[in-house]
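Hi,

Here is the structure I promised to pass on to you.

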Amino acid sequence: MENSEKTEVVLLACGSFNPITNMHLRLFELAKDYMNGTGKYEVIKGIISPVGDAYKKKGLISAHHRVIMAELATKNSKWLEVDTWESLQQDWIETATVLRHHQEKLEASSCDHQQNSPVLERPGRKRKWAEQRQDFSQKKSLEQTKTKGVPKVKLLCGADFLESFGVPNLWKGEDITKIVGDYGLICVTRAGNDAQKFIYESDVLWKHQNNIHLVNEWITNDISSTKIRRALRRGQSIRYLVPDLVQEYIEKHSLYSSESEERNVGVILAPLQRKTAEADT
Amino acid sequence: MKSRIPVVLLACGSFNPITNMHLRLFEVARDHLHQTGRYQVIGGIISPVNDNYGKKGLVAARHRVAMARLALQTSDWIQVDSWESEQVQWTETVKVLRHHHSELLRSLPWKEGPDQGKVDSAAPAAVPELKLLCGADVLKTFQTPNLWKDTHIQEIVEKFGLVCVDRAGHDPKGYILGSPILQRYQDNIHLAREPVQNEISATYIRWALGQGQSVKYLLPDAVIAYIKEHDLYASPGEE
């Protein structure tokens with residue numbers, strides 16, 4: 001099958017990554033295998049976008065550390081990378097906005113390639129992907145590159161994320177519509193039936209169901225960051241649950257403790273704060 | 001202060017291939033024993049089974065040993081031992097335990113010196129115990145008729161001891177209650193809870209590899225590289 005017939009996809013995962021775990025990394029691998037396996041898509045990149053400190057989640061440690069841990073975790077990956085744009089913003093940024101940011105970046109790069117100018121915005125991080133794109137452009141003619149179109153950003157998540165759409169005041173209706181309508185969702189879950197039911201019971205999700213891909217997670221992989229932090233507080237080993245480099249970094253900087261878990265206690269989560277503020281105006 | 005009993009954990013199995021879950025067994029077991037306050041885990045041994053075990057899809061022992069070695073490169077307390085895999089025939093678990101136990105005793109440091117009288121020789125170094133480490137699924141297999149000899153089960157739990165890490169869908173306490181031998185020696189059976197459910201079965205790994213799917217983050221990168229280099233598990237398992 002001609003590569004130009006496939007839609008290129010970039011998987012974007014937003015979240016606390018507090019800390020990043022092998023489970024987060026598995027989501028990417030499962031999603032890539034699934035999307036590539038449909039024959040309709042080609043996953044060219046995966047982006048991890050840790051949330052900014054302004055999110056104010058309980059126990060959220062500084063973005064600086066969370067970004068570094070994610071970078072250590074993806075050091076040996078050929079296609080995964082960490083993006084710091086979201087984490088560097090002063091205020092908390094809605095997911096739909098992060099998606100739009102990355103889609104616009106792809107569109108801008110795509111234009112540049114068609115004009116045959118090299119893309120090296122951020123040499124350190126971008127180089128891997130830019131090299132791939134340049135190789136590809138050299139193999140195909142300009143005509144064919146145009147036909148293939150710009151890669152599409154899709155949001156990668158677990159089932160808990162999908163179900164968070166049901167939490168009152170957490171999401172704006174229009175943002176959910178944007179996410180599933182304009183971009184698309186790839187949801188990796190063990191409980192496929194529950195997820196399908198959830199989609200069925202939501203008019204918005206039902207309408208865009210073709211843009212919601214449910215990927216089965218055959219292996220129960222319950223490595224939640226919450227449990228990692230709990231294990232660390234209790235002096236229990238987290239080896240083989242997170243990449244070795246991440247475990248070493250956490251140990252070296254004594255990142256997680258009872259104190260760090262108390263951060264933001266009593267503070268309202270940013271999206272809920274914003275919703276209340278908007279309601280008041 | 002009562003001193004802790006030194007313990008070495010021995011895990012037998014196919015390790016076909018070794019996965020992060022196998023490695024977790026050791027970490028969870030060690031934490032558990034330390035928490036009792038009675039033990040100090042001083043080492044861990046992975047003993048891949050002999051090729052003559054005859055299990056479907058078992059790749060050559062030299063590969064399974066090499067993969068375990070790669071997986072343990074970054075561990076400072078667990079190592080792989082190829083004795084069992086190098087025997088002429090399959091060796092019962094109790095014999096593997098006996099072998100490693102005598103090796104352990106042989107390797108104990110003996111304090112010698114001309115001024116023996118000055119050294120406090122009244123308290124001898126505690127003799128390390130060797131315990132069999134396994135998942136709850138293995139504990140269940142004690143019930144399978146003819147799989148284990150009763151005398152062996154008894155020797156395992158009486159002379160050595162068992163550290164059993166629970167696994168989803170299994171009821172280790174129930175297995176113990178259902179067996180008179182296990183019940184009698186239940187004090188020597190330590191049930192460790194793995195708080196993070198992590199069902200990475202080697203069976204799934206082999207299936208995924210056969211399908212050309214990713215197994216990254218389920219087993220160490222070095223092991224994945226070895227599998228690719230030697231083209232292991234690329235097709236449905238041989239008989």
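**Two helices in chain A**

In this predicted model, helix H2 (residues 63-73) of chain A and helix H12 (residues 244-253) of chain A have axes that come within 8 Å and cross at roughly 150 degrees. Angles over 145 degrees count as roughly antiparallel, so H2(A) is roughly antiparallel to H12(A).

If you want to find the contact on screen, look on the H2(A) side for His64(A), His65(A), Ile68(A), Met69(A), Leu72(A) and Ala73(A). They meet Leu245(A), Val246(A), Tyr249(A), Ile250(A) and His253(A) in H12(A). What kinds of residue make up this contact of H2(A) with H12(A)? There are eight nonpolar ones, three polar ones and no charged ones.

**Where the chains meet**

The size of an interface is often given as the accessible area lost when the parts come together. Here, chain B and chain A bury about 2,200 Å² between them, with 52% of it on carbon and sulfur atoms. On the chain B side, Arg24(B), Val196(B) and Tyr217(B) supply 28% of the area that chain B buries against chain A, more than any other three residues.

The contact takes 25 residues from chain A and 22 residues from chain B. How many salt bridges are there between chain B and chain A? The count is zero, although there are eleven residue pairs in polar contact across the interface (both at pLDDT 80 or more). Helix H1 (residues 20-36) of chain B gives the most to the side of chain B that touches chain A, namely six residues. Sorted by class, that side of chain B has eight nonpolar, eight polar and six charged residues.

**A salt bridge to look up**

Over all chains, the count comes to 21 salt bridges.

In chain A, the bond from Asn18(A) to Pro19(A) is cis, with omega near 10 degrees, and Pro19(A) sits in the loop between strand S1 (7-15) and helix H1 (22-37). In chain B, a cis bond joins Asn16(B) and Pro17(B), with omega about 5 degrees; Pro17(B) is in the loop between strand S1 (5-13) and H1 of chain B.

Finally, Tyr240(A) is not a glycine, yet has a positive phi of about 75 degrees. You'll find Tyr240(A) in the loop between helix H11 (225-233) and H12 of chain A.

Cheers

Technical notes. Residues are numbered from 1 along each chain as its sequence is written. Chains are lettered from A and ligands numbered from 1 in the order in which they are written. This is a predicted model: local features need pLDDT of at least 70, side-chain atom pairs count only at pLDDT 80 or more; totals for chains, interfaces and linings use all residues. Side-chain values use heavy atoms; hydrogens and water are left out. Axes are lines fitted to C-alpha atoms, for helices over the stretch in contact, and angles run from 0 to 180 degrees between N-to-C directions. Helices (H or I, at least four residues) and strands (E, at least two) are DSSP runs, numbered from the N terminus. Angles under 35 degrees count as roughly parallel, over 145 as roughly antiparallel, 65 to 115 as roughly perpendicular and the rest as oblique. Contact means heavy atoms within 4.5 Å. Ala, Val, Leu, Ile, Met, Phe, Trp, Tyr, Cys and Pro count as nonpolar, Asp, Glu, Lys and Arg as charged, and the others, Gly among them, as polar. Buried area is the accessible area (1.4 Å probe) that two parts lose on being put together, summed over both. A salt bridge is a side-chain nitrogen of Lys or Arg within 4 Å of a carboxyl oxygen of Asp or Glu. A polar contact is a pair of N or O atoms within 3.5 Å; within protein, one must be able to donate a hydrogen and the other to accept it, and residues adjacent in sequence count only if both atoms are side-chain atoms.
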